[in-house]
Amino acid sequence: ELQNAAQVANALCTVAELRLAMNQVQEASEAGRTAESIFKRLKDSKGEARVLVDVVAKVEALKGESAVAQLAAEQAARLFQSLADSDGESKALELLALQHVAAEEHAEALQKLGEAALRYRKAGDQLAEARMLTAAVNVHLDEGHGAKALKSAEAAMGLCSKLGNVAKKQTALTLQMLSKAHLALGGHWQKALEAAREAQRHHSELTDAEGEAAARMLVAEAQLAGGLSQEALSGASQIAEMRREAGDRGGEAGALFYCFRAHSLAGRTDLALTTLHQALNLHWEMSDRPGAMKCLYALAQLHLAAGEFSASLTALGEVLGMVKQYRRNERMEASVLQLAAKAMLELGDSKVFRGLPSSPAEAALQAVEAFRSGGDLLGLASALRTLSASHLHKKAAFKAITASEESCTLLRSLGDVDGEVESSL
């Protein structure tokens, strides 16, 4: 009877995995929970750990229950550890790390990615170690730590190079992250372009259309960083058309955003505005709030550059409200507050905008606090300059000097001589 029960539980676990592959979440959940219950009754720790990591954690993540998903992965890791199953424990730690990444819990994500990478290194699994390092790049980028992101990307590329064709898919993904890391550092656009083109070639050889499209978008981004607006526009327009024909509205919206940036860089403001609204409308249609926030922030920047300060502040108020309500992100919140402070300084009156602080100094101070809390030193230095300008606007010279001096100190520590000179003026 016990043997039959174990066979039933294993069969249910397999069924649940198949249901997951077919995106039948509810059916997978029911089969997985039943299997888990049987394994617990049988005191089969290995079976219980398997269903927790292969089914329960993944199902709960898909249902949006991140805390429950993380608990399942943690339980699986402990069970595998008690069984001295190093491979199983590494797999559970990797899943837990990626759940923290998805939840934007950066400190926890980096800790678990590091633990998993170390275990994979001890086991001699270089491909898995490269996966962990590549995932860490995204976390460092989200925190605004470009140098750390580049270090992780280069370490991952070193492992992929040793593995050759065995790691071709991982190499393509790591090259994309390497390109992003170079772009984050600024001034590295040629290296970013080289990495993005290499990633595109790898994806093409793997006949991975989605990966190739993502790499082509990075090519466009690197071209924009290098001032090659026409080349970027040509590539992004082709991707937008391809995504439209494929019925991929998310991909089309992403490509249109790059078209907007290319038009904006070339000084074609009317075309830029039209294209940005097209992208924004697609994001609204899909109820894609992160995409809509990115477009609204860009719209605010466009209005500010055109001297339309009230329109800029209206858009920023909407973005800030969305950030606080739907997707708490300190860097995004800080960037919005800093841009709002700049627009308020330009507007020069005491008009209050919905969702925004009441004064430039208050907005800049909140931006400083958010950048400081998130550990983004370059963003903090920039926000301090805005705060200094806000204090000068209020004729608070001592406060302005204090903020400026802190900005100079930060930029000096980061090696940004030009920024340091500008902050001291």
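**The α10 and α11 pair**

Modeller: Helices α10 and α11 lie roughly antiparallel to each other, because angles over 145 degrees are counted that way. The model is a predicted one. Helix α10 covers residues 189–205 and helix α11 residues 209–225; they pack at about 165°, and their axes are 8 Å apart. The crossing of α10 over α11 is left-handed. On the α10 side, the contact includes Trp189, Ala192, Leu193, Ala196 and Arg197. These α10 residues and others meet a set in α11, among them Gly211, Glu212, Ala215, Arg216 and Leu218. Sorted by class, the contact of α10 with α11 holds 10 nonpolar, 5 polar and 3 charged residues.

A second pair can be set beside this one. Helix α17 (residues 330–347) and helix α19 (residues 377–393) have axes that come within 10 Å and cross at roughly 25°. That angle is under 35 degrees, so α17 is roughly parallel to α19. The crossing of α17 and α19 is left-handed. From α17, Gln338, Ala341, Lys342 and Leu345 make the contact, and their partners in α19 include Gly379, Ser382, Ala383 and Thr386. The contact of α17 with α19 divides into 4 nonpolar, 6 polar and 1 charged.

Leaving aside residues up to four places away in sequence, Leu276 touches Phe257, Phe260, Cys295, Ala298 and Leu299.

Terms used:
Residues are numbered from 1 along each chain as its sequence is written. This is a predicted model: local features need pLDDT of at least 70, side-chain atom pairs count only at pLDDT 80 or more; totals for chains, interfaces and linings use all residues. Side-chain values use heavy atoms; hydrogens and water are left out. Contact means heavy atoms within 4.5 Å. Axes are lines fitted to C-alpha atoms, for helices over the stretch in contact, and angles run from 0 to 180 degrees between N-to-C directions. Helices (H or I, at least four residues) and strands (E, at least two) are DSSP runs, numbered from the N terminus. Angles under 35 degrees count as roughly parallel, over 145 as roughly antiparallel, 65 to 115 as roughly perpendicular and the rest as oblique. A crossing is left-handed if the near helix is turned anticlockwise from the far one by less than a right angle, and right-handed if clockwise. Ala, Val, Leu, Ile, Met, Phe, Trp, Tyr, Cys and Pro count as nonpolar, Asp, Glu, Lys and Arg as charged, and the others, Gly among them, as polar.
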